[in-house]
Amino acid sequence: MLEKVSLIREKIARAAALSRRSADDIILVAVSKTVGEVEVRQAASMGISDFGENRTRELARKQQLFPTLRWHMIGRLQTNKVKDVLGRFVLIHSLDRWNLAQEIEQRARVTHLTVDALLQVNISGEQQKAGLPPADVACFLDSAGELSALRIKGLMTIAPEASDPEKVRPVFRELYQLQQRLLGRNMANVDLKYLSMGMSQDFEVAIEEGANIVRIGSAIFN
Ligand SMILES: *Cc1c(COP(=O)(O)O)cnc(C)c1O
């Protein structure tokens, strides 16, 4: 695992340099959804501090085992599961509908928490993918001013699977351009500083196109 992580770090630094940033500007989220605590401990010993899970039960379990690590919720979050994980993650990447925002807001207010989230955008338009259509994002963000406990910190997307990462470069570029357009709006409670995009197959291209959070599972753990 050490060699894999070293290589990934080199690639992150190279891609960051190509987009005039440094490796320190990029957050590596190790997606541990397919592995157990041994692998998490091993990755943590290599200095990885951020981990991603896509199921609430598993996130809660691992967060309890490793409370000092930073846990990210990257999968679809059912409204009735919000209460099980609130306060256990540093960032939810998969905010994809208004009633989920309302549920998080209500739960967070009652428990005096603030919750940071990224809005998941379905850039590619694939039917089976979650996420708001790009055209709905501005309206959603305008409404986010009503929320006080839930803060929108950026955008997230999942690119289609592709044998050649160059094929999905336009998807990443479009999310970046959407972020740039939205930065010009003055929106209460919204600070679009994060772009979470790029996985094992395509993280270098994603960083070149502006990602500052990458979610990498198989390239680390397989
Ligand atoms: C599983 C998953 C990843 C990691 O995918 P790999 O191809 O294993 O790197 C990233 N993001 C999301 C939302 C995932 O579900």
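I started with Lys33, which is partly exposed because its relative accessibility is 42%; the term covers values between the two cut-offs, buried being under 20% relative accessible area and exposed over 50%, with a 1.4 Å probe and protein chains only. The model is predicted, so local features need pLDDT of at least 70 and side-chain atom pairs pLDDT 80 or more, while totals for chains, interfaces and linings use all residues. Residues are numbered from 1 along each chain as its sequence is written, and side-chain values use heavy atoms, with hydrogens and water left out.

I placed Lys33 in the loop between strand E1 and helix H2 (37–45). Helices (H or I, at least four residues) and strands (E, at least two) are DSSP runs, numbered from the N terminus.

Which residues are around the ligand? I listed Val31, Lys33, Ile74, Ile158, Met199, Ser200, Arg215, Ile216, Gly217 and Ser218; to be near, a residue needs a heavy atom within 4 Å of the molecule. Sorted by class, this shell holds five nonpolar, three polar and two charged residues. Nonpolar here means Ala, Val, Leu, Ile, Met, Phe, Trp, Tyr, Cys and Pro, charged means Asp, Glu, Lys and Arg, and the others, Gly among them, are polar.

I then looked up single atom pairs. A side-chain N or O atom of Lys33 is 2.8 Å from an oxygen atom of the ligand. Arg215 places a polar side-chain atom 2.9 Å from a ligand nitrogen atom. At Gly217 a polar backbone atom is 2.8 Å from an oxygen atom of the ligand. Of the 380 Å² of accessible area that the ligand has on its own, the protein covers 83%; such areas come from the Shrake-Rupley method with a 1.4 Å probe.

**Glu105**

I found Glu105 in helix H5. Is it buried or exposed? Glu105 is buried, because its relative accessible area is 5%. A polar atom of the Glu105 side chain lies 3.1 Å from the backbone nitrogen of Leu150.

**Two positive phi angles**

Most residues other than glycine have a negative phi. I noted His112, not a glycine, with a positive phi of about 55°. His112 is in the loop between helix H5 (98–110) and strand E5 (115–120), and is exposed because its relative accessibility is 74%.

Asn189 is not a glycine either, and has a positive phi of about 70°. I located Asn189 in the loop between H7 and strand E7 (190–196). With a relative accessible area of 27%, Asn189 counts as partly exposed.

Where is Ser163 found? I traced Ser163 to the loop between strand E6 (150–156) and helix H7 (169–183). Ser163 is exposed because its relative accessibility is 73%. Ser163 and Gln201 are 38 residues apart in sequence, and their C-alpha atoms are 8.3 Å apart in space.

My last entry is Ile27, in strand E1 (residues 27–31). Ile27 is partly exposed because its relative accessibility is 21%. Between Ile27 and Pro170 I noted 22 Å from C-alpha to C-alpha, the two being 143 residues apart in sequence.

Conventions:
Polar contact = N/O pair within 3.5 Å; in protein donor to acceptor, adjacent residues only side chain to side chain.
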